[in-house]
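Reader: Hello! Could you take me through one part of this model closely, the place where the two chains meet? I would enjoy a connected account with the computed values.

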Amino acid sequence: MASETLTSSEYIRHHLEHLTWGHLPDGTWGIAQNAEQANAMGFWSLNVDTVSVSFLLGAVFLFIFGRAARKATSGVPTGLVNFAEWVVEFIESSVRGSFSGKNTMVAPLALTIFFWIYLMNWMDLIPVDYVPHLAMALGVPFFKVVPTTDPNATFGMSIGVFLLVLYYSVKIKGLGGFIGELTLQPFGKFGLPANLFLEGVNLISKPISLALRLFGNMYAGEMIFILIAILPFWLQWTLSLPWAIFHILIVTLQAFIFMTLTIVYLDMAHQEHH
Amino acid sequence: MNINATLLGQTIMFVMFVWFCMKYIWPPITNAMGERAKRIADGLAAGERGKSELDLATKRSLEILHEAKQKAAEVIAQAEHRAAQIIDEAKSDAKEEGERLLSGAKAEIEQEVFRAREALRDQVAALAVAGAEKILRQEVNAAKHAELLKSIQGEL
């Protein structure tokens, strides 16, 4: 789609730019109109698109399941209730399969993580130009609609999970038990530095792998959609349709993996010795 | 960034994608949902049926128990009746037997009395004859006077 006004690389760059709100160079607070302004904002800025879309989808999730929960009866479920029960049953069987401790928080957490990520991943299947074009029409310079292609979102979730892991590790094993776990194995107390290094890497790798796996997969998927969009329009569907169909699997799988790993990490936090 | 045919290409793809989902993704999901609802409905119906069957069985068992009790009472009453009958029969049998024995004994006694009387009569006759012989100091021809003796014997 090489046009006079926009080269391919500009097109791609435009699609990968977040709608960022922060401190502008002229001293006011506002939305960055280009990549340079966004970069200049530094840490204290917000990706408005990521925040708003993820918030909206979280609200959708709460709305769907809240409605289902209020309509749930002991009779034969229909429609929405049936669907919600199906999902809850699936999550519960996953939790029962991999979580051995006793914690009523894990299953709702798993459901929330799964469905929220699932909905956010589905945004990937909206044609890549739709939302940015709509945003442009409304006077918004950029809009990246898939929150899970923003490492801020994936790291936000994985750090949340990480804090829960730390909290339950200390709660179940005690501070001493947790520190002991980090320092006294696998080499015994004389290999303390090596133990701390190995267990520390092990611990830190949990949130990083969680976040990067999801981000990497979704970002790559989005990137390929954008690359396909550069092809002549009558040719695009030959590639983008198979990729979209394949993505049905990917979005489900990535949400499922994030959820399962969350359960597994929390399970490890609940076990005295692993 | 400007609007151009890319949007058209994506729309083509999007329509095809939606069609694909409608054709191949949606039906299995709705089928699964339908099956799940049906399974639950069946389960609930089975539970309901089981419950009503249990009620029925409880009622039936109570009926059977009641019937059995009634039958048992009947059997006991019959048995008591029969026992009374047997006792009555035994009583009447015993009475009859006793009476029979009594009458037998009476008859025997009568016979004995008769026989003793006969013997006594014979002896008295002989005594009378002997007495008469002595009185008449002559032999009475037994053959000749048999008739006479017999009449005496009959009078005694």
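Predicted model: local features only at pLDDT ≥ 70, side-chain atom pairs only at ≥ 80, totals over all residues.

Author: Gladly! Between chain A and chain B, 7 residue pairs are in polar contact, with both residues at pLDDT 80 or more. On the side of chain A that touches chain B, the elements giving two or more residues are α1 (8-15), α4 (79-98), α6 (130-137) and α9 (233-270) of chain A. Of these, α9(A) gives the most, with 8 residues. Sorted by class, that side of chain A holds 23 nonpolar, 10 polar and 3 charged residues.

As for charge pairing, the count between chain A and chain B is 2 salt bridges. One of them joins the side chains of B:Arg36 and A:Glu89, at 2.9 Å from N to O.

Now for the overall extent. The size of an interface is often given as the accessible area lost when the parts come together. Here the area buried between chain A and chain B is about 2800 Å², and carbon and sulfur atoms give 74% of that area. The contact draws on 36 residues from chain A and 27 residues from chain B.

One more residue of chain A may interest you. A:Lys173 sits in helix α7 (residues 151-183) of chain A. With a relative accessible area of 11%, A:Lys173 counts as buried, because the cut-off is under 20%. A polar atom of the A:Lys173 side chain lies 3.3 Å from the backbone oxygen of A:Gln271. Leaving aside residues up to four places away in sequence, A:Lys173 touches several residues, among them A:Tyr168, A:Met268 and A:Glu272.

Note on methods: Residues numbered from 1 in each chain as written. Chains lettered and ligands numbered in written order. Heavy atoms only, no water. Contact = heavy atoms within 4.5 Å. Buried area = accessible area lost by both parts, 1.4 Å probe. Salt bridge = Lys/Arg side-chain N within 4 Å of Asp/Glu carboxyl O. Polar contact = N/O pair within 3.5 Å; in protein donor to acceptor, adjacent residues only side chain to side chain. Helix = DSSP H or I, 4+ residues; strand = E, 2+ residues; numbered from the N terminus. Nonpolar A, V, L, I, M, F, W, Y, C, P; charged D, E, K, R; others polar. Buried < 20%, exposed > 50% of the residue type's maximum accessible area, 1.4 Å probe, protein only.
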